[in-house]
Amino acid sequence: MNVIAGRVLVRGEKIPKGVYHLVSEVIVRHQDGTYLLTQRNPRKNLGGMWEATAAVSALQGENPLECVKRELREETGILTDDFIEVGRVLHQKHQTYYVNYLCHTDVDKDSIVITLTKTVES
């Protein structure tokens, strides 16, 4: 859920016209020049597809940076404050406001822990 101009958005419910939900996305670049790729869970939408971003809807009260830090930690175990905002996109059809980040890290690749919803390739 998220409060927008006095409104509460509930996951799975239709978003009112003229209202957008916040999604933060991150691409992770390792200091050696490689990028983190994950594979979507086969049971989810676009299952089995490879993706270079981790994306998540903001929770109530989260700003875009807090949201992306939480997502990266939850999805990979990577803890960092090294994020650079690289863009914002307002997607009319999906009623979504995307905030995009690049994360630089020197984390030991063997320490990355992927949640059960994903697999990893680097």
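By class, how many nonpolar, polar and charged residues are in the lining of the largest cavity? Point 6 returns to this question.

1. Basis of the note. The model is predicted: local features need pLDDT of at least 70, side-chain atom pairs count only at pLDDT 80 or more, and totals for chains, interfaces and linings use all residues. Residues are numbered from 1 along each chain as its sequence is written, and side-chain values use heavy atoms, with hydrogens and water left out.

2. Overall layout. The protein has one helix and nine strands. Helices (H or I, at least four residues) and strands (E, at least two) are DSSP runs, numbered from the N terminus. Read from the N terminus on, the order of elements is β-β-β-β-β-β-α-β-β-β. Of the 122 residues, 35% count as buried. Here buried means under 20% relative accessible area, exposed over 50%, and partly exposed in between, with a 1.4 Å probe and protein chains only.

3. Strand 8 and its neighbours. Strand 8 covers residues 96–105, and eight of its ten residues are buried. Pairing requires that DSSP finds at least two bridges between two strands. Strand 8 pairs with strand 3 (residues 21–30) in the parallel sense, over ten bridges. In this pairing, Thr 105 of strand 8 is the bridge partner of His 30, and His 104 of strand 8 stands opposite Arg 29. Strand 7 (residues 83–91) runs antiparallel to strand 8, and eight bridges join the two. One of the partners in strand 8 is Tyr 97, which is bridged to Leu 90.

4. Strand 3. Seven of the ten residues of strand 3 are buried, so this strand is largely enclosed by the rest of the structure. Strand 3 also pairs with strand 6, in the antiparallel sense, over five bridges. Ser 57 in strand 6 is the bridge partner of Val 23.

5. The aromatic pair. Searching the whole structure gives one aromatic pair. Phe 83 and Tyr 101 form this pair, which is edge-to-face, at 6.2 Å centre to centre and with 85° between the planes. Phe 83 belongs to strand 7 and Tyr 101 to strand 8, so the pair ties together parts that are 18 residues apart in sequence. The criterion is that rings of Phe, Tyr and Trp (its six-membered ring) pair if their centres lie within 6.5 Å; planes under 30 degrees apart count as stacked, over 60 as edge-to-face and the rest as tilted. Both Phe 83 and Tyr 101 are buried.

6. Rolling a probe the size of a water molecule over the atoms shows where empty space is left. The search of the whole structure finds two cavities of 30 Å³ or more. The largest cavity has a volume of about 80 Å³. Twelve residues line the largest cavity, and the closest to its centre are Leu 36, Thr 38, Ala 52, Thr 53 and Ala 54. Strand 3, strand 6 (53–57) and helix 1 (64–76) are the elements that give two or more residues to this lining. The largest share, three residues, comes from helix 1. In answer to the opening question, the lining has six nonpolar, three polar and three charged residues. Ala, Val, Leu, Ile, Met, Phe, Trp, Tyr, Cys and Pro count as nonpolar, Asp, Glu, Lys and Arg as charged, and the others, Gly among them, as polar. A cavity is a set of points, on a 1 Å grid over the protein atoms alone, where a 1.4 Å probe fits but cannot get out; lining residues have an atom within 4 Å of a point. Grid points are joined across faces, edges and corners, and a volume is the space filled by probe spheres set on the points.

7. Cysteines. The search of the whole structure finds zero disulfides, a disulfide being a pair of cysteine sulfur atoms within 2.5 Å. Cys 67 lies in helix 1 and is buried, with a relative accessible area of 0%. Cys 103 is likewise buried, at 0% relative accessible area. The C-alpha atoms of Cys 67 and Val 99 are separated by 9.9 Å, although these residues are 32 residues apart along the chain.

8. Which way does Leu 46 face, buried or exposed? Leu 46 is exposed, with a relative accessible area of 55%. It has a positive phi of about 60° although it is not a glycine, and it lies in the loop between strand 4 (37–40) and strand 5 (50–51). Gln 95 also is a residue other than glycine with a positive phi, near 50°. Gln 95 sits in the hairpin of strand 7 and strand 8, which has four residues between the strands. Gln 95 is buried, with a relative accessible area of 19%.

Terms used:
1 Å grid on protein atoms, 1.4 Å probe; cavity = no way out; pocket = protein on both sides within 12 Å on 5 of 7 lines; lining within 4 Å.
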